Amino acid sequence: MIKTAIVGYGQSASIFHLPFIDSLPDFELVAISTSKPEKVAQEWPEVTVYTDVDQMLAESNADLVVITAPNEVHYELGRKALNMGLHVVMENPTVTQLHQGAELMRLAESQQRCLIPFHNRRWDSDFVTLQALLKAETLGPIHGFESHFDRFRPRVRAEQPGVGAGVWFDLGGHLVDQVLVLFGKPQSVTARCLSMRPGSEVTDYFHVQLHYRDKEVVLHSSPYHPGPTLRFKLQGELGCYIKRGFDPQEERLQNGIVPDSPFLAKEAVDDYGIFYSDDDAQVIESEIGGYRHFYQATAQAIRGEAPPPVSMQDALDGLNIINLAERSSAEGRTVSLTATSFRE
């Protein structure tokens, strides 16, 4: 079993990491570092609780550390863990600066340790369905794609400004990663990344266009959308696939559905997408994703049986687009993609 320690005990750790680490036979949860030790001790009485992350890294005897702390400390914590010979899973965004990611990637390679970005939304059921449609060439050559993640959050919550803060870094990073998996790198980026809500000091709205030679991609999120939302629109020469609603796994995990339940990632029939052709409309049964696949693949990578499920180079490619979109928004112009290969 892979002895695992977790940094942080917020929603991400509680919903997206701990249930899978606890339920999969590949892992043994040995420690949690948190500012809420009483809460952790009550909910995880068998696990050693630390309030000092350095002490946890030194004493827990972990093989793997999962970093779910605030974005601005990812780099420093990742560097410490790798230097201590630990494998690392790091929440999105892994780092806030490209040079930080390049350094961590080189360090992981020199230490022969896995450094794995947590891009769990590659295992959203609707995204897996998109991949199946593209593989089957159901829509023919693709010329347009939209990815929306609208929510209704009209009032500012406890949101701290700073580098790496805001919905474009947190949520946009997942949407960018999905597009890179589907279509590879674009040629250029045009973006509007705004603080739209009164009193907001972080990006809470984005409308980003990724320009390819033969297609256009739109990534969009607004805090003013309370009703049913468009999730995906995939447009090809043979028709258009439209998917509404969100992948059900996050809500079901919050409601206590166990990670190994076959129900966790199975979409309701009413949530299936529709493929519209010239003279027909066909309901497309959604594929079954599952965030457990990320951790199963992570275990294989740590044992040397397979490559990591997500590479650090993937994360840097996404971070480059995130940074260029912010520049595009600030300067009011389209910007061309720059190189992100740090293996020279």
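Predicted model: local features only at pLDDT ≥ 70, side-chain atom pairs only at ≥ 80, totals over all residues.

Tutor: Residues are numbered from 1 along each chain as its sequence is written, and side-chain values use heavy atoms, with hydrogens and water left out.

Student: How much space lies in the largest pocket?

Tutor: On a 1 Å grid over the protein atoms alone, a pocket is an open set of points with protein on both sides within 12 Å along at least five of seven lines, whereas a cavity is a set where a 1.4 Å probe fits but cannot get out; lining residues have an atom within 4 Å of a point. Points are joined across faces, edges and corners, and the volume is the space filled by probe spheres set on them. Here the largest pocket holds about 1,800 Å³. It is lined by 49 residues, and closest to its centre are Gln-11, Arg-151, Arg-153, Asp-170 and Leu-171. Helices α1 (11-23), α7 (167-183) and α8 (249-254) each give two or more residues to this lining.

Student: How do the residues of that lining divide by class?

Tutor: Ala, Val, Leu, Ile, Met, Phe, Trp, Tyr, Cys and Pro count as nonpolar, Asp, Glu, Lys and Arg as charged, and the others, Gly among them, as polar. The pocket lining has 16 nonpolar, 18 polar and 15 charged residues.

Student: And how many cavities of 30 Å³ or more are there?

Tutor: The count is one. The largest cavity holds about 100 Å³, and of its 14 lining residues, Asn-92, His-119, Ala-315, Gly-318 and Leu-319 are closest to the centre. Helix α10 (312-331) gives the most to the lining, with five residues. By class, the cavity lining has seven nonpolar, five polar and two charged residues.

Student: Now the surface: is Phe-152 buried, partly exposed or exposed?

Tutor: Buried means under 20% relative accessible area, exposed over 50%, and partly exposed in between (1.4 Å probe, protein chains only). Phe-152 has a relative accessible area of 45%, so it is partly exposed. Phe-152 sits in the loop between β7 (142-148) and α7.

Student: What about Arg-106, and where does it lie?

Tutor: Arg-106 belongs to helix α5 (residues 98-111). Arg-106 is partly exposed too, because its relative accessible area is 43%.

Methods. Helix = DSSP H or I, 4+ residues; strand = E, 2+ residues; numbered from the N terminus.
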